Amino acid sequence: MSADAVLHVAGARPNFPKAAPVIRALERHGVAQRLVHTGQHYDERMSQVFFRQLRLPEPDINLGVGSGSHASQTAGVMTGLEELMVADRPALVVVYGDVNSALAAALVASKLGIPVAHVEAGLRSFDRSMPEEINRIVVDHVSDLLFATSPDAVSHLGNEGIEAEKIHLVGNPMIDTLLANLDRFDVAGIRTALSLPERYVVATLHRPGNVDDAADAVGLVKAMHAVADQLPVILPLHPRGRRHLENAGLLSHRALRVVEPLGYLEFVSLVRGAVVVVTDSGGVQEETTMLGVPCLTLRPNTERPITITHGTNRLVTRSTLAEAVASTVAAGRLAVWPKPPMWDGAAGERIAAIIAKALG
Ligand code: UD1
Ligand code: UDP
């Protein structure tokens, strides 16, 4: 790896649509770059498919850390990256989102005195039972360039004492990817491929708070079945929750279909054509907001409140979900809604311009 390059660290599914526009924009600025894949996600459908579809460059290195406890996964990425960064010191390390790979990379770089840029800084759920919340806080406090997707994120960083000069409101690179691919989303094609009727619900579930407890999964399955009583549900299921949800009887409703995780183009096509989306994903809250597809988020809180104030998102519980689906279906899609500021497809370019200037 050449010294003085920008080193991107990505490793989990949501990192890839965020990194793609930043890497592409830095290319246009002529900045030397390297990409490390930590291997946090490794199934074809959780990783490689994004590289192909989003035309991401092949990673220069794959650390292959795989799955494990928080400590072992984070430590695996840290050890691998430390060796790399000591051998060939990058000028800047760019980390994405709130996953363990970002935490590990930010800790290693900052202790080696290498500047860190955090893409998607400042999001806060104020719920420290979420592992991601711990990661967000730590990464932000060791970062030198903080790229925020929304004004509330900028305020959170200021409230935590982070210097204003480090913080840049740039918009949302995940939305750059969405907008850049709009003409590749094929609703009719995915409906045919999955033999879906015209009106269907898409669901995704993977938060530990929803899927990690075997006994608790029964209540979630019941709530999902109450949705399937109203409309057919298609659920591309993240590997995390599969065993508990299936053991709790998820597959026993004939109008609820579970499929493997989908590629980005297939998944967003499916979302674009849905009557309602039920999810606990962070990124999906943002994508539905831009597409104008009603989103019901099965979580007690969100670090992305802008998707409620400027979008289509609503927080629901297991006991309010069925009624929320019914009222959302009855209301139909919004004709107009206020879009979050700067979610315009140019976030990657703004980030690249700031990085290029910082590198001098
Ligand atoms: C991680 C992120 C979460 C993000 C999610 C996106 C952390 C702490 N969590 O959660 O913020 O929303 O990614 O998808 O970083 N597995 C596979 N194949 C894979 C990857 C994972 O089977 O390719 C299974 C393994 O059993 C693994 C489990 O999924 O133990 C969880 O994976 P992990 O990366 O630890 O966390 P996620 O739940 O994916
Ligand atoms: N996604 C996908 N296929 C799927 C489910 C999600 O391509 O089957 C995409 C989704 O469009 C978004 C990203 O994965 O771009 C979100 O990742 P995820 O929900 O795993 O993580 P989170 O955003 O919650 O951290």
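The legends below describe close-up views of a predicted model. Residues are numbered from 1 along each chain as its sequence is written, while chains are lettered from A and ligands numbered from 1 in the order in which they are written. In this predicted model local features need pLDDT of at least 70, side-chain atom pairs count only at pLDDT 80 or more, and totals for chains, interfaces and linings use all residues; side-chain values use heavy atoms, with hydrogens and water left out.

**View 1**
The shell around ligand 2 holds 18 residues, with Arg-207, Leu-262, Ser-281, Gly-283 and Glu-287 the closest; a residue is near a molecule if one of its heavy atoms lies within 4 Å of it. A polar contact is a pair of N or O atoms within 3.5 Å; within protein, one must be able to donate a hydrogen and the other to accept it, and residues adjacent in sequence count only if both atoms are side-chain atoms. An N or O atom in the side chain of Arg-207 is 2.6 Å from an oxygen atom of ligand 2. Gly-283 places a backbone N or O atom 2.7 Å from an oxygen atom of ligand 2, and a polar side-chain atom of His-206 lies 3.4 Å from an oxygen atom of the ligand. Ligand 2 taken alone exposes 530 Å², of which the protein buries 97%. These accessible areas come from the Shrake-Rupley method with a 1.4 Å probe; for residues, only the protein chains shown count as cover.

**View 1. The shell of ligand 2 and helix α12.**
By class, 10 nonpolar, five polar and three charged residues make up the shell around ligand 2. Ala, Val, Leu, Ile, Met, Phe, Trp, Tyr, Cys and Pro count as nonpolar, Asp, Glu, Lys and Arg as charged, and the others, Gly among them, as polar. At least two shell residues come from each of α12 (264–272) and α13 (282–291). Helices (H or I, at least four residues) and strands (E, at least two) are DSSP runs, numbered from the N terminus. Seven of the nine residues of α12 are buried, so this helix is largely enclosed by the rest of the structure. The buried residues of α12 include Tyr-264, Phe-267 and Ser-269. Buried means under 20% relative accessible area, exposed over 50%, and partly exposed in between (1.4 Å probe, protein chains only).

**View 2. Ligand 1 and its surroundings.**
Around ligand 1 there are 18 residues, of which His-41, Asn-100, Glu-132, His-206 and Arg-240 come nearest. A side-chain N or O atom of Glu-132 is 2.6 Å from an oxygen atom of ligand 1. A polar backbone atom of Asn-100 is 2.8 Å from an oxygen atom of ligand 1, and a polar side-chain atom of His-206 also lies 2.8 Å from an oxygen atom of this ligand. Taken alone, ligand 1 exposes 740 Å², and the protein buries 85% of that. Its shell has five nonpolar, eight polar and five charged residues.

**View 3. Thr-302 and its partners.**
Thr-302 lies in the loop between β12 (295–297) and α14 (306–309). With a relative accessible area of 10%, Thr-302 is buried. Its side chain is joined to that of Gln-285 by a polar contact of 2.7 Å. A polar atom of the Thr-302 side chain also lies 2.9 Å from the backbone nitrogen of Arg-304.

**View 4. Two buried helix residues.**
Ala-352 belongs to helix α16 (residues 347–359) and counts as buried at 0% relative accessibility. Ala-352 and Leu-26 are 326 residues apart in sequence, but 5.1 Å apart in space, C-alpha to C-alpha. Met-224 is in helix α10 (residues 217–228) and also counts as buried at 0% relative accessibility. Met-224 and Gly-68 are 156 residues apart in sequence and 28 Å apart in space, C-alpha to C-alpha.

Glu-120, in strand β5 (residues 116–121), has a positive phi of about 85° although it is not a glycine. At 5% relative accessibility, Glu-120 counts as buried. Met-342 is not a glycine either, and has a positive phi of about 70°. Met-342 lies in the loop between α15 (318–331) and α16, and is partly exposed, with a relative accessible area of 28%.
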